[in-house]
Amino acid sequence: PPQVSFTLELEFSCSVLLDRAEVTLQATSDSTEVTPQDNVVKLSVPIRYEPNLFLSSNINLHRYEVHPLGTFSRSSGPEFTTTVKVQNLGCYPIQNVTLHMALPALGHHQATILSVTHVFTENATCMLQLPDERTQVVPVPPEDLLHTDR
């Protein structure tokens, strides 16, 4: 029997959100057919909208002091602020977005190089989870900067 293949391309509106797309296809012919009831098919397809998330970050400290090994001071360094923003650039609402951030908090010989003092959130819920014995903490290795000009 002859076959016909084709592709349907549907375009959806930002103002109307649908859960499913339903399409009815019917083939007709001028010839006489014994079983015309199988010439109709109804398709129902779930719709998933593609998110368009934009993640940006900004930090107000662009200068770092490098101490020789063994002379690292245990006193706290300068306070700095980093801002992380998640934006939905698409026209479809997005739910249950979770952002995980791992902060480099340990240096050579397990020296603390970062501690969180304040967390401010806007339109979000933030949980600060300190590492425990079950969390794998990877220390930042010391770097040899003798051969680096800048």
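Is C126 buried, exposed or partly exposed? In this predicted model, C126 is partly exposed, with a relative accessible area of 46%, where buried means under 20% relative accessible area, exposed means over 50%, and partly exposed lies in between (1.4 Å probe, protein chains only).

The model is predicted, with local features requiring pLDDT of at least 70 and side-chain atom pairs counting only at pLDDT 80 or more, whereas totals for chains, interfaces and linings use all residues. Residues are numbered from 1 along each chain as its sequence is written, and side-chain values use heavy atoms, with hydrogens and water left out.

A search of the whole structure returned one disulfide, a term that denotes a pair of cysteine sulfur atoms within 2.5 Å. This disulfide is formed by C14 and C91, whose sulfur atoms lie 1.8 Å apart. The pair links distant parts of the chain, 77 residues apart, with C14 in the segment before β1 (20–26) and C91 in the segment after β4 (82–88); strands are DSSP runs of E with at least two residues, numbered from the N terminus. Because the torsion about the S-S bond of C14 and C91 is about -60 degrees, the disulfide is left-handed. C14 is partly exposed, at a relative accessible area of 42%, and C91 is also partly exposed, at 36%.

N39 is placed in the loop between β1 and β2 (40–46). Apart from its neighbours within four places in sequence, N39 is in contact with L25, Q26, A27 and E33, contact meaning heavy atoms within 4.5 Å.

Key. Helices (H or I, at least four residues) and strands (E, at least two) are DSSP runs, numbered from the N terminus.
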